[in-house]
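Work through the exercises below with the sequence and the model at hand, and try each task before reading its solution.

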Amino acid sequence: MSKDELLKLLENAIVMGHLDVDDEGFDGTMEGTPGTLELVEKALNEGIEPGEILKSFGESMEKVGKLYESGEYFLPDMLASAECVGEAMDIVEPKLELDDSSAGKGKFLIATVKGDVHDIGKNIVATMLKGAGYQVKDLGINVPAEDILQAIKEFEPDFIGLSALLTTTMIEMEQVIKLIKEEGLDNIKVFIGGTPTSKEFAEKIGADQHCRDVIEALQALEKMGEVS
Amino acid sequence: MIISDEQLIEMLSPAEMELIHRGACRILSQIGVRVTHEDIAGRLLSRGAERKGDRIFISQEMIEEALAQTAKTIRFDAPEPAHGFTLDADENQVKFGPGGQALFIVHPVAGGWDRRAAGTNDLKQILALCDQLPQVDFTTRPVECDVPEDRMDVEKAKIFQQYCTKPMNLANIVKVEYLDKVLEIIGNPAYVSFIVSLVSSPLALDDFSGDKFVALLEKDLPVSISCCPQGGSTAPFSEVGELLQLHAELLFGFVLANVIRPGAKVLYRGIPITSNLYTDGSPRWCQPESIRRVTLAAQLCRYYNLPCCGTAGVSDETEPTAQGLAEKVLSWTYGIASGAQYINSALGMLEQVLSVSYHQYVIDDIALKIIKEKFAEDGTGETSVLAKDAAITALSHFGVAVDREIEDELTARIRHIENALEPYSEEYIEDQIANIKKAVEKTSSTVFMVAARRGLREGYLYQGDRIDAPLDLLDVTERLKSSGIS
């Protein structure tokens, strides 16, 4: 198989959300055929440059985005593709030269704030961002402000995402932002999301961006990337 | 309201329910529940549970012992004694109350509806309104007070004491250290009951809720053990898989309840709804597949002869509409036929559980009366016939000209509610348990979402037409005025 054919197969596996040989893929017919993970391994073994593989990830996700916009793909389809890229990144990343890894879109730290154990939205955002090329650290649920601050110091993110589903816990977001400002980390952009949150609430607590869903988060990140 | 045995709907056969029971028991004995609450873990271990890492495993024997111990009758007293009632798991009686923890009030403005933040005054007004509405048998906290968290419980208790003469479901207690004070303000602990969402799906005990559960049961207060997974995000997208997980999570609650207090007064509250995977994953409370799943959960509860807290009438609409009314009527009708005895969140709710509307409370009160009359007149025992008839009558009552198109849409929705799309076989159940295990091990809800792709294309989520027609709400506005509600 030529390099182009292999990369084309890889692209198709990602677009079809076909993670590995045990996964049935988009249309339920792909179980038993090599998936994204096997194809990435094969590409690396055959000497294809990690940078080229990365490029193919980006092109695949672009196609997935278009299919979603056209209504042909739904949220689970897009998520499956993002998960393919996310897991494949774990294989490719150690092989990257320093120059290649710096080509990533940035570091994103994400957490559900203290007192809140809801994680659906957070998990979707984390998976999609990873698939879109961001380096994501997910602190999980019920994370105290102090722990988030500690993680910021260790991970040095460009962006932070805070999630809450309850009116009683969304106020915790303000505490996190206060700590970030007190530490003089104003260069980090803070995103917030979750059912009870709003643009007005984001402004009130000093967050940089309120997102209703993952698509808004991705669009806002793209915009920030263009500006910077 | 009392319904006949013939009016109880049987969507699962005894053999299918037994398969779900055994599957749920396997989940609890083989996958277990994540418990990091040391006191609760200790209590469970002392009664025969096993522990590996942070997971607690419960045997089928422990589950069945707990189910046998659970109280089968629960008394709900009220400040006005005539409003008190006894819930008996053996009886086909149905009681209705509002509910939710809505954030917004939807109110009419020139040319439509708007919404604003809910607060303390709304809690007072809604309790006063529900006290007057004849179809409201008990009152569940509809909105919270806009006071600091530290004052929430006491403030809420004062308002209930002042504005409510019916059995009071305070739903949540924010800080357990205020429980004694709350009971003192209410004046009689026999007036109050609570709701606790004990387990975060999939299969993880919520520590805060665990504390509340222990405190409430130690006071011998009635508690609805609530579980509201969303198929496709926090539970399998498959109806069979979601029921298995929901059932396991609730059975865990029954075991814990009886460990804390043998013979605990607890109700089974299963709300297995779906996520809207066509859009952003938001919950679908009142769509046909969710109505079906909630009905199945109540039937599973009936299988054990346990007191059942149902949920019906939580519309997905953002404002009072004909579409919302139709959704609600189907949901209530199947809720009643499911055998649920204590139906929560039944009035006033819009936009899933985010909003309530004073107007919607009155609309729902009128529609519930219509449904009760239909059940009383019904001689067929056919829920599908009754549901369609009730929906047509309710829509007509509010000025909707029900044409063939609307009738067809109602028929299609009812068909989706009543038709099984998946097999209830040993093999299929094993597949679903494997999926749940995978999600638990990965501790990520994206497992269920990614696995939902096939079900999405096989039509698990109902896709139909909307019922769009203006509602004539003149009577509703008049009734609100005469109730003194502004």
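Contact means heavy atoms within 4.5 Å, and helices (H or I, at least four residues) are DSSP runs, numbered from the N terminus. This is a predicted model, in which local features need pLDDT of at least 70, side-chain atom pairs count only at pLDDT 80 or more, and totals for chains, interfaces and linings use all residues. Residues are numbered from 1 along each chain as its sequence is written, chains are lettered from A in the order in which they are written, and side-chain values use heavy atoms, with hydrogens and water left out.

**Exercise 1.** Describe how α9(B) and α13(B) meet.

Solution. Start with the residues: Pro288(B), Glu289(B), Ile291(B) and Arg292(B) of α9(B) meet Arg413(B), His416(B), Ile417(B) and Glu418(B) of α13(B). By class, this contact has three nonpolar, one polar and four charged residues (Ala, Val, Leu, Ile, Met, Phe, Trp, Tyr, Cys and Pro count as nonpolar, Asp, Glu, Lys and Arg as charged, and the others, Gly among them, as polar).

**Exercise 2.** Is Glu242(B) buried or exposed?

Solution. First locate Glu242(B), which is found in helix α8 (residues 239-260) of chain B. Its relative accessibility is 0%, so Glu242(B) counts as buried (buried means under 20% relative accessible area, exposed over 50%, partly exposed in between, with a 1.4 Å probe and protein chains only). Finally, leaving aside neighbours within four places in sequence, Glu242(B) has contacts that include Pro229(B), Pro272(B) and Arg293(B).

**Exercise 3.** Place Val385(B) in the chain and in space.

Solution. Val385(B) lies in helix α12 (residues 383-397) of chain B, and Val385(B) counts as partly exposed because its relative accessibility is 47%. From Val385(B) to Ile414(B) there are 29 residues in sequence and 9.2 Å in space, C-alpha to C-alpha.

Definitions and conventions:
Helix = DSSP H or I, 4+ residues; strand = E, 2+ residues; numbered from the N terminus.
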